[in-house]
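This report walks through a few parts of one structure, moving from a helix to the strands beside it and then to other regions. Please keep the sequence and the model in view while reading.

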Amino acid sequence: MYMRNIIKRIALSTLFISTCSCVWAQWTGPKKKPAEQVELKYGPITPTNRKDANMEAFRDYGLGQFIHWGVYAIPGNEWEGVSARGGAAASEWIRTWRGPTAPKGWQNIYDNLYKQFEAKDFDAKKWAKQAKEMGAKYLIFTTKHHDGFALWPTKYSDYNITKSPYKKDIVKEVVDAYTAEGIDVYLYFSVLEWNNPDYLYAEPKTTEENEKFNRFLKYTRNQLLELLDNYPQVKGLWFDGTWDASWKSAYDFTYQLEKELRDKHKDLVIGSRFRNDENGARHFDSNGALLGDYEQGWERKFPQDYAWLDGNDWDAVMTIPPNGWGYMKDWTGLYTKTTDDIIDLMMQSVSMNGNLVLNFGPDGNGLMHPGEDIIAKELGDWMKINGEAVYGVRHSDLPVSKLGYYTQKGEDLYLTVINRPVNNNVRITVPKVATEVPVAALLLDGLQSLGVKHADIGLDLDKNTYYDITLPKSFQSDRAFVIKIKMGAPNSKSDRLMDAKM
Ligand code: JFZ
């Protein structure tokens with residue numbers, strides 16, 4: 001519902017009508033498998049839960065960085081002192097600014113902004129270093145957003161970086177700098193292009209429309225192959241703007257293209273937002289099977305329960321302001337997420353086997369927003385102490401804790417404490433049948449050992465037993481903190497209390 005409202009808002013704020021008849025419930029709530037399986041030609045190409053190195057790395061990332069950069073960074077959600085808030089759906093959508101506040105001839109102004117794209121402070125190495133310090137393990141970078149402006153010197157469109165005063169290949173600089181820091185790169189690519197005359201929103205019907213859209217499809221294929229040729233180090237492609245009826249009707253083309261991209265680039269990771277099946281089902285095909293290598297629908301929203309994921313890989317992409325992915329100069333009057341919020345959302349994701357991808361929107365000169373710099377630093381400081389609870393961990397099957405989030409790596413269980421108990425007693429609930437129970441505990445901050453005591457509190461008909469860890473009163477923290485708990489065989493069989501006879 002929430003999502004539908006977002007899409008509706010986006011659709012209303014533009015003249016273009018993006019229709020979407022997707023089965024929303026499948027990717028914003030618990031999975032619903034259809035009662036009957038239908039015959040499909042355009043289902044998944046890759047198996048779910050791929051075991052190759054790229055997908056294993058994806059499962060271990062924990063934290064990623066998203067960067068939205070393009071000519072929309074120049075206005076930064078305002079123009080000549082007038083805010084685009086309320087007039088455009090988001091800062092990177094500012095080209096669609098409509099209504100009473102929109103500057104005269106705005107689209108034309110926007111389409112000429114590339115002539116001012118100097119990026120004079122841009123330093124990819126500095127970005128990569130900051131990302132590394134923050135603890136990000138992968139980057140998703142916008143090569144081309146909905147405005148169609150390509151940040152690489154594409155042979156297939158003139159609307160690209162070589163025509164700007166900056167001239168040089170930004171995608172290459174970013175891919176090289178992040179790769180050098182050991183951060184994997186995924187390329188964001190919008191299929192939808194607002195100012196391409198060959199792009200269509202509706203399904204092509206006439207011969208002329210078919211010719212146009214086929215040209216557009218060919219162009220899209222060329223650009224994608226070009227990206228893989230130019231930047232062979234990349235691990236994945238992150239698609240966007242694939243919701244229009246035109247693209248949805250091209251399911252045979254997109255199926256062949258996905259195969260071609262995968263054949264060309266070994267173990268390429270592609271999320272579920274690239275293509276649909278022949279019935280228009282997106283993210284999941286008409287039989288409920290995941291289309292792509294991981295769920296790509298968790299955008300500014302979260303699964304409420306681990307079971308909703310049905311074992312699929314996923315990540316959540318997240319803005320610091322409520323919405324707005326491109327640079328937004330003015331953050332006043334908006335709730336911007338705090339480092340604590342982000343730690344909470346990250347641990348929520350990781351505890352359910354997902355990654356959190358935090359978005360940055362640098363300004364037109366290539367500098368991060370000052371608020372982003374602060375969060376990167378604070379998050380990095382936290383990750384240096386607590387990162388082992390985030391990287392390479394998996395969901396724990398223990399009953400959900402009210403105190404925070406569990407993650408697990410082999411015999412090491414991590415509890416990220418968000419809600420510290422007032423009596424300092426951290427109680428771990430363990431099923432009585434468990435073969436592994438807490439045997440030792442350590443605070444990651446300060447590496448202080450903590451005592452673990454078995455506490456059978458004797459509740460009737462209780463399937464669980466309890467292990468108590470005492471936090472020293474002297475330990476103070478104004479952020480979430482992590483207790484690392486060693487799991488092992490129980491010291492002695494727990495007392496089997498008799499259930500009441502009634
Ligand atoms: C898209 C873009 O329109 C936006 O500008 C940004 O790049 C973001 C990362 O992706 O926006 C979407 C796409 C999908 C949903 C919401 C916003 N969704 O599935 O809820």
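## Helix 7

In this predicted model, the buried residues of helix 7 are F213, F216, L217, Y219, T220, Q223, L224, L225, E226, L227 and L228. The cover over these buried residues includes strand 4 (138-144), strand 5 (184-190) and strand 6 (236-240). Helix 8 (245-249) and helix 9 (251-264) are also among the elements that cover them.

How does the span of helix 7 agree with its 24 residues? At 1.5 Å a residue, the helix should span 34 Å, and its end C-alpha atoms are 34 Å apart, so the two values agree.

## E226 within the helix

E226 is placed in helix 7, which covers residues 207-230. Is E226 buried or exposed? Its relative accessibility is 6%, and buried means under 20%, so E226 counts as buried.

Leaving aside residues up to four places away in sequence, E226 touches W152, P153, T154, K155 and Y156. With T154, the side chain of E226 also makes a polar contact of 2.6 Å. Y159 is 67 residues from E226 in sequence, and the C-alpha atoms of the two are 15 Å apart in space.

Strand 6 is one of the elements covering the buried residues of helix 7. Five of its five residues are buried, so strand 6 is largely enclosed by the rest of the structure. G236, W238 and D240 point one way from the strand, while L237 and F239 point the other way. The residues of both groups are buried.

Strands of a sheet pair through backbone hydrogen bonds, in either a parallel or an antiparallel sense. Strand 6 pairs with strand 5 in the parallel sense over five bridges, and F239 in strand 6 is the bridge partner of F189. Strand 6 also pairs with strand 7 (residues 269-270), again in the parallel sense, over two bridges. There, I270 in strand 7 is the bridge partner of L237. Strand 5, helix 7 and strand 6 together make a right-handed β-α-β unit.

## N54 in helix 3

N54 lies in helix 3, which covers residues 53-60. The relative accessible area of N54 is 14%, and the cut-off for buried is under 20%, so N54 is buried. Not counting residues up to four places away in sequence, N54 touches K235, K266, D267, L268 and V269.

## Around the ligand

Which residues come nearest to the ligand? Of the 14 residues around the ligand, these are H68, E92, H145, H146 and E299.

Some distances between polar atoms can be given. An N or O atom in the side chain of H146 is 2.7 Å from an oxygen atom of the ligand. For K301, a polar side-chain atom lies 3.0 Å from a ligand oxygen atom. For Y188, an N or O atom of the side chain is 3.4 Å from an oxygen atom of the ligand.

An open sheet of five strands has the order 10-11-17-13-14, and its pairing is antiparallel. Strand 10 (404-409) and strand 14 (449-450) stand at the edges with a single partner strand each, so one side of each has no neighbour in the sheet.

Within this order, strand 11 (residues 412-417) pairs with strand 17 (residues 481-488) in the antiparallel sense over six bridges. V417 stands opposite F481 of strand 17.

How values were computed
Residues numbered from 1 in each chain as written. Predicted model: local features only at pLDDT ≥ 70, side-chain atom pairs only at ≥ 80, totals over all residues. Heavy atoms only, no water. Helix = DSSP H or I, 4+ residues; strand = E, 2+ residues; numbered from the N terminus. Buried < 20%, exposed > 50% of the residue type's maximum accessible area, 1.4 Å probe, protein only. Contact = heavy atoms within 4.5 Å. Polar contact = N/O pair within 3.5 Å; in protein donor to acceptor, adjacent residues only side chain to side chain. Expected span 1.5 Å × (residues − 1). Pairing = 2+ DSSP bridges. Right-handed = clockwise from strand over helix to strand, strands pointing away. Near = heavy atom within 4 Å.
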